[in-house]
Amino acid sequence: MSRAPGAAVRYPFAAVVGMDDLKLALLINAVSPGVGGVLVRGEKGTAKSTIVRALAGLLPGVATVPGCRFSCAPDDPDPGCPDGPHDVGTGEERPARLVELPVGASEDRLTGSLDIERALTEGVKAFEPGLLAAAHRGVLYVDEVNLLHDHLVDLLLDAAAMGESHVEREGVSVRHAARFLLVGTMNPEEGELRPQLLDRFGLTVEVAATRDPEERAEVVRRRLRFEERPAEFAARWTEDEAELAARIAAAQKLLPAVELPDAALRQITAVCAAFEVDGLRADLVTARAAIALAAWHGRTSVTSDDVRTAARLALPHRRRRDPFDAPGLDQQRLDDVMDEHGEPEPPDDDPGGGAPEPSEGGPSSGSDGQSSSAPPEGGGPGPSESEPAPADAAYKPRLFTVPGTGMGAPGRRSKARSPYGRVSGARPGQRGLHLTATLRAAAPHQRARGRSGPGLVIAADDLRESVRDGREGNLVLFVVDASGSMAARQRMRAVKGAVLSLLLDAYQRRDKVGLITFRGADAELALPPTSSVEAGARRLERLPTGGRTPLSAGLLRAAEVLRVERLRDPARRPLVVLVTDGRATHGPDPSLAAGLLAEVASVVVDCESGPVRLGLAGRLAEAMGAQAVRLEELAAESLSGVVRDARGKVA
């Protein structure tokens, strides 16, 4: 196969098979960026990134002031633009930008920073714009947005909320406009978004691979043709792309003339109230999306269908009450609320046709052949299993940290050396330049180096990098006894409630979690280490009990999982939480396997009950170098408080 030489060719938006809801959500935002962007959730390989990148080719060009690095509009320039002031006049047009924010980007790359080269060579303060400036009046795209570091999330939230970016550091104080369409893609299996960022996305769409063999075949067929001759393939869709672009431009012009009748507004507010969403952002986003939909269809008045479609895209991610709730919307309840609050008068100017439309009963299937609706989660108990015990209510655990200073992935738990935290000093190096320390190191040598102009003469030995104190995430590995001795329903309810509490805490503090269960003759890695607490909660909810107790197998599996994780991520410090009554009814003496975990911070939750206690879990904790805590103490003192004390003793 041959490829066209030169620059990469984008896969055409119109060539994507299906994905009607996602297409519509993106087009709504193209018509009215004030809707607030799109969050695309779905499993890997569902063309999320492909269609988002294809959107840029449909957007109208942007008129800018010549030479302005901050994309000021020539007819209304920003009076505070760092490159200004600008006179009102004619400008130059450029294509709309799609700016990508890498997950591993630095703070300087996002917000901009002092131009180090000019500061050192010319002795002047000059601001180097970042990605927020580049994305102004365009699209800011974050792939794997759920993996974005917390410090970048905070900066992104501030800019999205205020429509401008403020930079205050290194002697530089700059403000510039930063209004952009925020588009993010994510795989929920890799962890959820912080609620604050989740709410900033105007619309959300779930995507999953279609199960229709014909659609899948068409996806593969088109993709292979594109990879073989990208330019030729894209040329075949030029007319369709031009029609979509023209329709976007026409809808943008019509948008100011679209009216939102009181009846439609009452439906919007009634739906938002009925689904108990927090705040009023949902009402505003739904209203803006409904107005944009009317403009997209060439209408000058919002209809009930516009409200229904807008609500289905704007509300699912806002009705989650906690991280264990799956996003979604009850379509029947939505219809009932809208019917109860009346129908707006249908307009006479609806041309209809031509747009990618969602199906009547919910999201439709497809994608670069995918479906915009995830299949329901299966996994109830089988016919031969008793129904698993539900969990007690989760509670707020106290903060626990690993003593000392780690070097793990950025998080919100234990103290660590991090490239993203508070600057606490400087050291020789070139990563994250500490300007003041570099200048101090170079200053005494200027005369000896023959300095003659305003710029400094800098040597490699002068360079200093910032030392930052931040926070890291940890790996919390739960090892849960699911044997017959643990099958008492009330006991398992308490165990599940404690584990759920720590899962929720791990979600908030950006920890990774893993779950090992042991029963019968072996131990199972029910959940490999992941950042997805939802997956952990689902596994725990369906945890069956019964059979013998292969305690050694559980400990050996834990040691093996930690060994592999050390190879994958040696900087992430682990904690083992073993939940058992200590009775081993299958396999060798568990004290031998316990020695393999002696160097790991651990807690043993003693689930033994009854008037006569053998103290087996306590002896196991001694062999592991762990602290033992009784199950009945968990509700009073919270498991995380016990874990914190244990980690201090192990360290």
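Mentor: Before we look at this predicted model, one term is needed: a residue is buried if its relative accessible area is under 20%, exposed if that value is over 50%, and partly exposed in between.

Trainee: With that term in hand, which residues of α2 are buried?

Mentor: They are Lys-48, Ser-49, Ile-51, Val-52, Ala-54 and Leu-55.

Trainee: What makes helix α2 (residues 48–55) largely enclosed by the rest of the structure?

Mentor: The helix has eight residues and six of them are buried, so α2 is largely enclosed. The elements against which these buried residues pack are α1 and the strands β1 (38–42), β4 (98–100), β7 (139–143), β10 (181–186) and β11 (203–209).

Trainee: How many residues does the protein have, and what share of them is buried?

Mentor: The protein has 651 residues, of which 50% are buried, and its secondary structure consists of 22 helices and 20 strands. If we take the contacts between residues at least 6 apart in sequence, 79% of them join residues at least 24 apart.

Trainee: Why is the pair of Tyr-11 and Phe-233 called tilted?

Mentor: The ring centres are 5.4 Å apart, and rings pair if their centres lie within 6.5 Å. The planes stand at 35 degrees, whereas stacked needs under 30 degrees and edge-to-face over 60, so the pair of Tyr-11 and Phe-233 is tilted. The two residues are 222 apart in the chain, with Tyr-11 in the segment before α1 (20–31) and Phe-233 in helix α9 (residues 230–236), and the pair thus links distant parts of the chain.

Trainee: How do you know whether Tyr-11 is buried or exposed?

Mentor: Its relative accessibility is 5%, and the limit for buried is under 20%, so Tyr-11 counts as buried.

Trainee: What kind of aromatic pair do Phe-226 and Phe-233 form?

Mentor: Their planes are 75 degrees apart, with 5.8 Å from centre to centre, and an angle over 60 degrees counts as edge-to-face, which is the name given to the pair of Phe-226 and Phe-233. Both Phe-226 and Phe-233 are buried. Together with Tyr-11 and Trp-237, they form one aromatic cluster, and the count of aromatic pairs comes to five.

Trainee: Over which ring does the charged end of Arg-247 sit?

Mentor: That ring belongs to Trp-296, and the charged end of Arg-247 is 4.1 Å from its centre. Another arginine, Arg-333, lies over the face of Phe-275, at 5.8 Å from the ring centre.

Trainee: Let us turn to packed helices. At what angle do the axes of helix α11 (residues 262–274) and helix α13 (residues 304–314) cross?

Mentor: They cross at roughly 25 degrees and come within 10 Å. Angles under 35 degrees count as roughly parallel, and this makes α11 roughly parallel to α13. The crossing is right-handed, and the contact is made by Ala-264, Gln-267, Ile-268 and Val-271 of α11 with Ser-304, Val-307 and Ala-311 of α13.

Trainee: Why are α11 and α12 called oblique to each other?

Mentor: α11 and helix α12 (residues 281–296) pack at an angle of about 140 degrees, with their axes 9 Å apart. Roughly antiparallel needs an angle over 145 degrees, and roughly perpendicular covers 65 to 115, so α11 and α12 are oblique. This crossing, too, is right-handed, and in it Ile-268, Thr-269 and Cys-272 of α11 meet Ala-282, Asp-283, Thr-286 and Ala-287 of α12.

Trainee: What is the phi of Met-19?

Mentor: Met-19 has a positive phi of about 55 degrees, although it is not a glycine. It lies in the segment before α1, and since its relative accessible area is 0%, Met-19 is buried. Arg-137, in the loop between α5 (131–135) and β7, also has a positive phi, near 70 degrees.

Conventions: Residues are numbered from 1 along each chain as its sequence is written. This is a predicted model: local features need pLDDT of at least 70, side-chain atom pairs count only at pLDDT 80 or more; totals for chains, interfaces and linings use all residues. Side-chain values use heavy atoms; hydrogens and water are left out. Rings of Phe, Tyr and Trp (its six-membered ring) pair if their centres lie within 6.5 Å; planes under 30 degrees apart count as stacked, over 60 as edge-to-face and the rest as tilted. Helices (H or I, at least four residues) and strands (E, at least two) are DSSP runs, numbered from the N terminus. Buried means under 20% relative accessible area, exposed over 50%, partly exposed in between (1.4 Å probe, protein chains only). A charge sits over a ring if NZ of Lys or CZ of Arg is within 6 Å of the ring centre and within 35 degrees of the ring normal. Axes are lines fitted to C-alpha atoms, for helices over the stretch in contact, and angles run from 0 to 180 degrees between N-to-C directions. A crossing is left-handed if the near helix is turned anticlockwise from the far one by less than a right angle, and right-handed if clockwise. Contact means heavy atoms within 4.5 Å.
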